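Visitor: Please take one part of this model and go through it closely. I would like the cut-offs along with the values.

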Amino acid sequence: MKPVKVGLLGLGTVGGGTFNVLRRNAGEIARRAGRGIEISHAAAREYDPAGLPGIETVTVSDDAFAVVDDPEIDIVVELIGGYEPARELVLKAIANGKHVVTANKALIATHGNEIFAAAQRQGVMVAFEAAVAGGIPIIKALREGLSANRIRWIAGIINGTGNFILTEMRDKGRDFADVLAEAQRLGYAEADPTFDVEGIDAAHKLAILGSLAFGIPLQFDKVYTEGISHVTREDVGYAEELGYRIKHLGITRRSGAGVELRVHPTLIPERRLIANVDGVMNAVLVNADAVGPTLYYGAGAGSEPTASAGGAALVDVARTLTADPENRVPHLAFQPDSLSDLEILPMEAVETAYYLRLCARDQPGVMAEITRILGDAGISIEAILQKEPQQGEQAVTVILLTRAVREGQMNSAIQNIEALDAIDGEVTRIRVEHLAS
Ligand code: HSE
């Protein structure tokens with residue numbers, strides 16, 4: 001059979017890795033796909049030919065539209081990232097009847113509904129395995145491997161840069177900015193690294209996971225998003241004393257009232273496997289009714305791990321090029337006419353346990369006032385840790401762990417605690433998840 005012709009948009013960290021992996025493993029890939037997969041046309045503003053052996057056999061220009069308009073090309077692989085011109089290029093490729101493979105989580109999370117509808121009309125596929133959790137085949141697992149289950153919840157470490165930063169801060173006491181610069185050098189971080197540290201990248205990926213798990217349209221704008229930039233070494237240390245690790249988690253859960261979509265730093269018991277996922281590694285824990293918990297672990301960012309997922313998506317598309325569009329795996333796991341309109345819950349309605357850190361004056365009765373406010377709000381305390389004041393200091397640090405409570409109730413309790421004369425500054429709050437099956 002004739003090889004499939006691929007047009008590659010981008011020859012940077014992920015594009016270059018994809019080119020090298022497809023070339024190095026061409027024989028194995030052809031044996032799996034049933035035909036060769038050949039990159040014949042690429043577009044890149046700049047690239048380093050020395051790191052891309054064989055690139056001289058490919059037509060390379062800086063014109064991405066020439067690639068999507070090339071009649072020889074069967075599949076366009078979009079690896080330039082960002083919203084525009086990626087969206088325009090992908091829609092043009094689809095309009096030209098080409099299948100698309102993309103690693104672009106921002107694009108899928110924000111424009112996926114429009115892109116999948118266009119692909120559906122044209123009878124082409126848009127494969128996006130590399131968009132979530134780098135090299136971990138989590139989209140394959142959710143769309144196919146778990147398709148007989150009712151999924152209850154997913155909790156994942158889905159930003160490699162953020163996990164790398166938290167790990168280095170905890171293990172080596174390194175500085176936030178210094179670790180971030182290293183993540184950028186290693187090609188893990190986004191072009192705009194605030195996407196990593198403020199949780200936007202994780203929110204893009206979580207929006208995709210939520211849709212695949214529950215069969216709902218993509219709703220990135222409804223994801224509650226909090227980053228790691230305010231996590232202090234102090235909190236990391238107190239969490240450890242209490243037997244927890246702080247991880248930046250994306251969580252999506254179906255409850256009677258709707259679906260939770262939230263990204264925030266989270267205390268997890270240190271005995272959980274996912275609490276021990278360190279460095280740039282990602283892990284996604286899926287809890288489903290028939291299988292129970294399953295955990296998927298692997299490199300969440302980087303050139304070849306992401307190329308591994310992109311290459312697998314290419315093989316999937318190549319295998320099904322001749323299949324009737326009705327018999328392909330649906331983009332969002334559920335048939336497009338069976339998507340549900342389950343409500344996305346506002347954060348105030350989400351129930352979770354909390355870690356609270358506050359600074360209280362060292363005087364009688366303060367602790368009683370704090371516990372009275374929590375008790376009046378129906379919030380049960382699980383653990384209290386109070387540190388002796390340092391010599392000459394008038395204030396003590398108090399750490400509280402609470403049972404699960406509605407976020408709205410906790411918000412008003414925190415407001416009342418902060419209003420006490422004996423409390424200095426704001427109460428630090430980090431959510432706690434036990435992730436028990
Ligand atoms: N910036 C992303 C991360 C790259 O660090 O996880 C992979 O999506």
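Guide: A residue is called buried under 20% relative accessible area, exposed over 50%, and partly exposed in between, using a 1.4 Å probe and protein chains only. Leu 242, with a relative accessibility of 22%, is therefore partly exposed. The model is predicted, so local features need pLDDT of at least 70 and side-chain atom pairs pLDDT 80 or more, while totals for chains, interfaces and linings use all residues. Numbering starts from 1 along each chain as its sequence is written, and side-chain values use heavy atoms, without hydrogens or water.

Leu 242 sits in the loop that links α11 (233-241) to β9 (244-255); helices are DSSP runs of H or I with at least four residues, strands runs of E with at least two, numbered from the N terminus. Between Leu 242 and Pro 269 there are 8.7 Å from C-alpha to C-alpha, at a sequence separation of 27 residues.

Next, the ligand. Its shell (residues with a heavy atom within 4 Å) includes Asn 159, Tyr 188, Asp 196 and Gly 300. By class, the shell has 5 charged, 4 polar and 3 nonpolar residues; Asp, Glu, Lys and Arg count as charged, and Gly as polar.

In the side chain of Glu 190, an N or O atom is 2.5 Å from a ligand nitrogen. Two or more shell residues come from each of α7 (160-172) and α10 (200-214).

How values were computed. Polar contact = N/O pair within 3.5 Å; in protein donor to acceptor, adjacent residues only side chain to side chain.
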